Amino acid sequence: MLKDLLLQFIVSLLPVFAFQIWNNKELNWKRMPVFLGVFCGASMLLCMLTEPNFLGCQLDFHLIPYMIGSLYGGWPALALLTLICVIVQYPTLDNFQELASFILFTAGFVMLMSISYRPFHQLSALRKERNGLLLMSVLMLYLVITLTGSVMEWTFDLVLEVVLTVSATLLATWLSIFIIESVKEKQLLHEEVTRLSVNYRNEVEKLQQFIDVTSFAVIVVDCEGRITHYNEMALKLLHIRIELTESGNLLGTYYSKAFQPGQGDLFVNMISQALNGTRATLVPFVSGDKMLLKTTFSLRSLLNNEAEGAALMVQDVTELSQLRNEVGRMERLSLVGQMAASITHEIRNPLAVIRGFVQLIQERSPASQREYFQIVMEELDRANMIISDFLSLAQNRALTMELSSLNDILNELLPLLNADANLRGQTIDTSLCEDMPLIMLNDREIKQMFLNIARNGMEAMDDHGVLQISTHYWNDRIELRIADNGEGIAQDKMVHLFEPFFTTKTRGTGLGLPLCLSIVERHNGKIDVNSIEGEGTTFIVTFYLQQEEKAV
Ligand code: ADP
Ligand code: MG
């Protein structure tokens with residue numbers, strides 16, 4: 001009898017063993033009810049066939065796969081299992097009483113399962129085990145009671161057999177639910193770990209992308225000083241040894257061996273300090289023609305705050321510092337503008353009065369003193385000119401522009417310029433581009449700009465100088481080049497050229513070039529200066545053509 005019991009026990013657990021094997025293959029989790037339903041059907045069939053009409057009633061182990069299959073497989077499994085049960089058991093029923101008892105039991109079972117199915121799935125694993133045991137106990141109780149009605153005499157063996165069967169059934173039920181739930185839990189855990197690791201990998205990749213595209217040069221080292229991360233910018237800015245850059249072997253190299261000796265020493269020191277826990281500071285420094293901002297910080301574990309490495313970040317702020325200088329220049333210009341506005345009224349009017357009276361006195365004075373009056377008048381005119389330049393510089397109102405040819409404007413001024421050059425003994429050489437397009441210009445301002453630059457050129461040359469004036473038309477822009485073969489401009493003076501009041505001349509105002517720049521900028525153009533000391537200077541004024549101007 002024990003052999004039968006053991007066999008039934010094992011057969012009833014068949015679906016859960018199969019389930020474990022199936023689960024290890026990582027098949028689709030959604031197909032689990034179908035799988036359980038089919039295997040429970042097979043197990044049930046085996047249970048019933050190996051011990052038909054156990055104890056003369058349905059008190060065999062087929063109830064375990066029947067119940068497990070129905071609870072986990074839902075309606076389809078319940079229907080399939082019930083069908084198998086009916087097909088196998090119906091031929092074994094001898095009389096009406098057995099048939100009625102079978103129908104009653106089966107109907108009760110189906111009802112119980114259909115009520116329990118949904119609530120069962122909401123429960124925790126522990127409660128599922130408890131509820132499964134409770135359901136099975138109810139069924140067992142019913143069957144034992146039925147059995148009591150049909151047994152003539154209760155022998156010790158029979159009681160033992162019933163007790164063992166009931167206990168083994170309950171044990172198998174608990175074991176089935178326990179194993180299924182453990183497997184499910186393991187599977188859920190596995191899915192969660194997979195999800196977390198995918199998320200983690202994504203985050204790491206995002207971080208790496210961020211490091212790659214950021215304008216900072218970044219190098220990260222671990223606590224032993226080996227490089228674990230770097231980006232393209234680091235290769236450009238940080239004087240990494242060429243052989244490491246070319247071979248792509250930078251990762252894993254010790255930071256102390258990664259930088260070029262000399263230029264990279266600074267970075268080695270900074271990383272060493274960060275690894276020793278020194279706090280980060282932002283330090284600006286100049287490297288070649290670049291202005292860099294560098295910082296380091298140590299990386300610490302979130303768990304125990306222990307040092308885990310260090311990061312070096314360097315930012316190229318050259319453009320930023322140029323922009324700051326530019327803003328400073330603009331501010332100075334606007335200050336000049338404000339000053340000019342008040343000077344107009346305060347000085348220009350009295351100057352006009354003085355000049356009038358000086359002229360009057362000059363007429364009444366002896367001819368011998370005329371020369372002095374002439375000097376006074378010239379100085380007054382010069383002062384007046386400075387004020388006019390001031391005013392032009394301050395002028396911020398919208399310009400009235402019209403389509404004009406740069407060549408025409410220059411041609412108007414050339415006689416004046418030639419006369420000036422003749423007086424100095426210099427020559428002017430002009431070469432104007434032939435098919436110059438029309439462009440939006442303010443005639444008066446362009447003349448002022450041209451005269452200023454040309455006069456500067458003449459003033460820079462001796463009496464054999466040649467001033468070359470040429471215009472050029474490129475696809476998207478036109479250029480005016482004014483080249484002299486004068487003294488040239490020293491490198492240290494170059495940066496100050498367009499600052500108001502910068503002059504190297506005893507009688508200069510230092511307002512000519514700032515004025516030219518503001519005029520050209522108002523035309524959305526730019527001025528470039530090429531100069532070689534002792535050889536000469538070329539001013540290149542560029543105006544960009546708008547789409548419609550190109551069409552003209
Ligand atoms: P100013 O002519 O009154 O000195 P500018 O603003 O016109 O003022 O010029 C500023 C300075 O730039 C000049 O004093 C001169 O030193 C330098 N400069 C300008 N143009 C030239 C040039 N063509 N060659 C050499 N130096 C120049
Ligand atoms: Mg000048």
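1. A polar contact here is a pair of N or O atoms within 3.5 Å. With that in hand, look at Leu513: one of its backbone N or O atoms lies 2.8 Å from an oxygen atom of ligand 1. Bear in mind as you read on that this is a predicted model.

2. Two further contacts go with that one. The side chain of Lys505 puts an N or O atom 2.8 Å from an oxygen atom of ligand 1. At Gly512, a polar backbone atom is 3.4 Å from an oxygen atom of the ligand. As for cover, ligand 1 on its own would expose 530 Å², and the protein buries 94% of that.

3. Who else is around the ligand? The shell counts 20 residues, with Asn456, Thr503, Thr504, Lys505 and Leu513 the closest. Sorted by class, that shell holds eight nonpolar, 10 polar and two charged residues. Helix 14 (443-460), helix 16 (512-522) and strand 12 (536-544) each give at least two residues to it.

4. Now the space itself. Ligand 1 takes up the largest pocket, whose volume comes out at about 1,100 Å³. This pocket has 39 lining residues, and those nearest its centre are Asn452, Arg455, Asn456, Glu459 and Lys505. Note that Asn456 and Lys505 are also among the closest residues to the ligand.

5. Which helix gives the largest share of the pocket lining? That is helix 14, with eight residues. At least two lining residues each come from helix 12 (370-394), helix 14, helix 16 and strand 12. Helix 14, helix 16 and strand 12 turn up in the ligand shell too, again with at least two residues each.

How values were computed
Residues numbered from 1 in each chain as written. Chains lettered and ligands numbered in written order. Predicted model: local features only at pLDDT ≥ 70, side-chain atom pairs only at ≥ 80, totals over all residues. Heavy atoms only, no water. Near = heavy atom within 4 Å. Polar contact = N/O pair within 3.5 Å; in protein donor to acceptor, adjacent residues only side chain to side chain. Areas by Shrake-Rupley, 256 points an atom, 1.4 Å probe, with all protein chains shown as cover. 1 Å grid on protein atoms, 1.4 Å probe; cavity = no way out; pocket = protein on both sides within 12 Å on 5 of 7 lines; lining within 4 Å. Sits in = over half its atoms within 2 Å of the grid points. Helix = DSSP H or I, 4+ residues; strand = E, 2+ residues; numbered from the N terminus. Nonpolar A, V, L, I, M, F, W, Y, C, P; charged D, E, K, R; others polar. Points joined across faces, edges and corners; volume = space filled by probe spheres on them.
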